[in-house]
Amino acid sequence: MMARRGLSAWLPRVVILLVVLCSTVSVLYMLACTPKSTEEQLAFPRANSPTGKEGYQAMLQEREEQHHNYINSLKKQIAQLKDKLQERSEQLKSLQGHYTDSLGPGLVHSNPQKAPADLLQFLHSQIDRAEVHTGVKLPTEYAAIPFESFTLQKVYQLETGLTRHPEEKPVRKDKRDELAEAIELALETLNSPESDSNVNNPMYAASDFIEGIYRTEKDKGTLYELTFKGDRPHMFRRIILFRPFGPILKVKNENLNMANTLINIVVPLAKRASKFRQFMQNFRSANFKNFTFIQLNEEFSRGKGLDIGARVWKGNNVVLFFCDVDIYFTAEFLNTCRLNTQPGKKVFYPVLFSQYNPSIIYGHHNSIPPLEHQLVIKKETGFWRDFGFGMTCQYRSDFINIGGFDLDIKGWGGEDVHLYRKYLHSNLIVVRTPVRGLFHLWHEKRCLDELTPEQYKMCMQSKAMNEASHGQLGMLIFRHEIEDHLRKQKTSSKTP
């Protein structure tokens, strides 16, 4: 703060000095260049002065010498003023350089704005307060701030209201510029001479960008995690950026090799053979070949089934993807699962896209397209299932250390929220974001009488959300009015 006040005191003095110097130069110039009055120029020689032609020549020569001496004097004064101005400029530049030297390498921008040391300290304190290096303990599941994901062309967002779409191009210019700036800085980082990725590899381009996630904490700033293709299959580059409501900061430049990162997909199953057959087709299309079937002869419990499936593995630490039989996932999603988990540090809770009832969406059973053509992210076809926490990726070690599922919960539902809360109460980073390659396939939902009141309520809420969009449900509710209106239109058109 003392240095800042010193800079503030110097600036007015320098400005005043510049004004005074400019004024002095102007006055001197006017005095030197203003012609003498006519009377003075045409005055007759004094009585004792030479007369005639010789007198005028002597007077002109004297005047010329006086002007010459005066001009030399002005040049000397101007040179002295320039020297003083240069001296003051050097002093000001030296003072500014004191702050420039205190800047860290993280303050990088296309046109960097230099900041004093106390501002830099504040910006880095924002990183420490945000969930960048470690998680923050949260009281409930509603306190978690979800990420949103994006590609070069699209943004996948949770907050849609009634006008925005779950997948759309950024309409607002500030949002487009914000994401473009993050991608641009990430590319500059990857292609910079200091980056080890630039030693023997081609330059990175925007086409190498796979996807990114970002979220904003209102009192801290915006965190960006951007993933790029690596130089070989299963190789990726991740750039982490943070914008603490000021200049964007480089946080980390990682080289990620996912070639040996195994994923165990754990699926609980009870009496759903047809859905399981469809799931196994998806399983094979994602290049999975090995599976283990564990049969339990007891009352069904989703939490217990997942817990047993997680603990039966005896090999090295692996990523566990807890999944359900009515879920469709792509091979690209599995890479997203790998990239957003880290043992002892990070777990992944993707928000999947839930499909509406195809019979309502497409109007008739005969017009329902094949499954692969139904998996599109639109407001009319489904919604982001942000109230569900059953699909999750985490390392087996984190699942064991956190205590696993609550095995006292019977049936279907509730166990996922309890596990999610455990992670929120820990120091692990919980990544929550909508993803493109994970779909909940529509199926008729039955809420059994054996469920507890809380489970039954959750089941009915899920059932109500699954059928159709607001607009489609409105068309069903008001279909009689719509049909009546059409009949009236036909009648009026026939009337002469």
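Reply: Gladly! This is a predicted model, where local features need pLDDT of at least 70 and side-chain atom pairs count only at pLDDT 80 or more, while totals for chains, interfaces and linings use all residues. Residues are numbered from 1 along each chain as its sequence is written, and side-chain values use heavy atoms, with hydrogens and water left out.

Me: Why is His-443 called buried?

Reply: Buried means under 20% relative accessible area, exposed over 50%, and partly exposed in between (1.4 Å probe, protein chains only). His-443 has 13%, so it is called buried. Its place is the loop between strand E14 (429-440) and helix H13 (453-466); helices (H or I, at least four residues) and strands (E, at least two) are DSSP runs, numbered from the N terminus.

Me: What makes the link between the side chains of His-443 and Asp-326 a polar contact?

Reply: A polar contact is a pair of N or O atoms within 3.5 Å; within protein, one must be able to donate a hydrogen and the other to accept it, and residues adjacent in sequence count only if both atoms are side-chain atoms. The value here is 2.5 Å, so it meets the distance limit. His-443 also touches Arg-272 and Lys-275, where contact means heavy atoms within 4.5 Å.

Me: How do you know that E11 and E14 pair?

Reply: Two strands pair if DSSP finds at least two bridges between them. E11 and E14 are joined by 8 bridges and run parallel, so they pair. One of the bridges has Val-351 with Pro-434 of E14 as its partner.

Me: Which way does E11 pair with E12 (residues 382-384), parallel or antiparallel?

Reply: That pairing is antiparallel, over 3 bridges, and Ser-354 has Phe-383 of E12 as a bridge partner.

Me: How many residues of E11 (residues 346-355) are buried?

Reply: 10 of its 10 residues are buried. Among them, Phe-348 and Leu-352 point one way from the strand, and Tyr-349 and Phe-353 the other way.

Me: Which strands are the edges of the open sheet of 7 strands?

Reply: The order is E3-E2-E1-E4-E5-E6-E7, with antiparallel pairing. The edge strands are E3 (167-168) and E7 (249-257), as each pairs on one side only.

Key. Lists of a residue's contacts leave out its neighbours within four places in sequence.
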